[in-house]
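Please look over the sequence and the structure shown here, and then read the report that follows.

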Amino acid sequence: MIVAFSVSPSGDGRQDGSVSGAVAAAVKVVRESGLPNRTSSMFTELEGTWDEVFDVVKRATEAVLPFGSRVSLVLKADI
């Protein structure tokens, strides 16, 4: 399966609106997973089995939680 996903915090109170730290934390989880992946300006694509991919998406989302009071996850899958 291939999943394209985007995860981003909101409600962090930053004046500049930057989410770069949160994105870096999520991308680190993806890179360390060892699964084939590609990150573009809009989405991160991840390839693997259903369980592998969704485990990484969950951990990447959890890595963003400390950066805001809420987290948005957009996900598209090719199964």
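## Salt bridges

Glu-32 and Lys-28 are separated by about one helical turn, because they stand 4 residues apart in helix α1; helices (H or I, at least four residues) and strands (E, at least two) are DSSP runs, numbered from the N terminus. Glu-32 and Lys-28 form a salt bridge, in which the closest N and O atoms are 3.0 Å apart, the term standing for a side-chain nitrogen of Lys or Arg within 4 Å of a carboxyl oxygen of Asp or Glu. Glu-32 is exposed, with a relative accessible area of 57%, where buried means under 20% relative accessible area, exposed over 50%, and partly exposed in between (1.4 Å probe, protein chains only).

This is a predicted model, in which local features need pLDDT of at least 70 and side-chain atom pairs count only at pLDDT 80 or more, while totals for chains, interfaces and linings use all residues. Residues are numbered from 1 along each chain as its sequence is written, and side-chain values use heavy atoms, with hydrogens and water left out.

The structure holds 3 salt bridges. One of them joins Asp-55 to Arg-59, with the closest N and O atoms 3.0 Å apart, and these residues are separated by about one helical turn, being 4 residues apart in helix α2. Asp-55 is partly exposed at a relative accessible area of 38%, and Arg-59 also counts as partly exposed, at 35%. The side chains of Glu-45 and Arg-38 meet in a salt bridge as well, at 2.8 Å from N to O; Glu-45 is partly exposed, with a relative accessible area of 30%, whereas Arg-38 counts as exposed at 52%.

## Sheet and helices

An open sheet of 4 strands runs in the order β2-β3-β1-β4, with antiparallel pairing, two strands being paired if DSSP finds at least two bridges between them. Its edge strands are β2 (37–39) and β4 (70–78), each of which pairs on one side only. Neighbouring strands of this sheet are turned by 20 degrees against each other on average, direction ignored; axes are lines fitted to C-alpha atoms, for helices over the stretch in contact, and angles run from 0 to 180 degrees between N-to-C directions.

Strand β1 (residues 2–10) pairs with β4 in the antiparallel sense over 9 bridges, and Ala-4 stands opposite Lys-76 in β4. Helix α1 (residues 20–33) packs on the sheet and touches β1, β2 and β3 (44–47), its direction making about 160 degrees with that of β2; contact means heavy atoms within 4.5 Å. Helix α2 (residues 50–64) also packs on the sheet, where it touches β1, β3 and β4, and its direction makes about 15 degrees with that of β1.

## A buried valine

Which residues does Val-64 touch, not counting residues up to four places away in sequence? They are Val-7, Ser-8, Pro-9, Ala-22, Ala-26 and Val-71. Val-64 is found in helix α2 and counts as buried, at 0% relative accessibility. The C-alpha atoms of Val-64 and Val-19 are separated by 9.4 Å, although these residues are 45 residues apart along the chain.

## The loop between β2 and β3

Phe-43 lies in the loop between β2 and β3, and it is partly exposed, with a relative accessible area of 30%.
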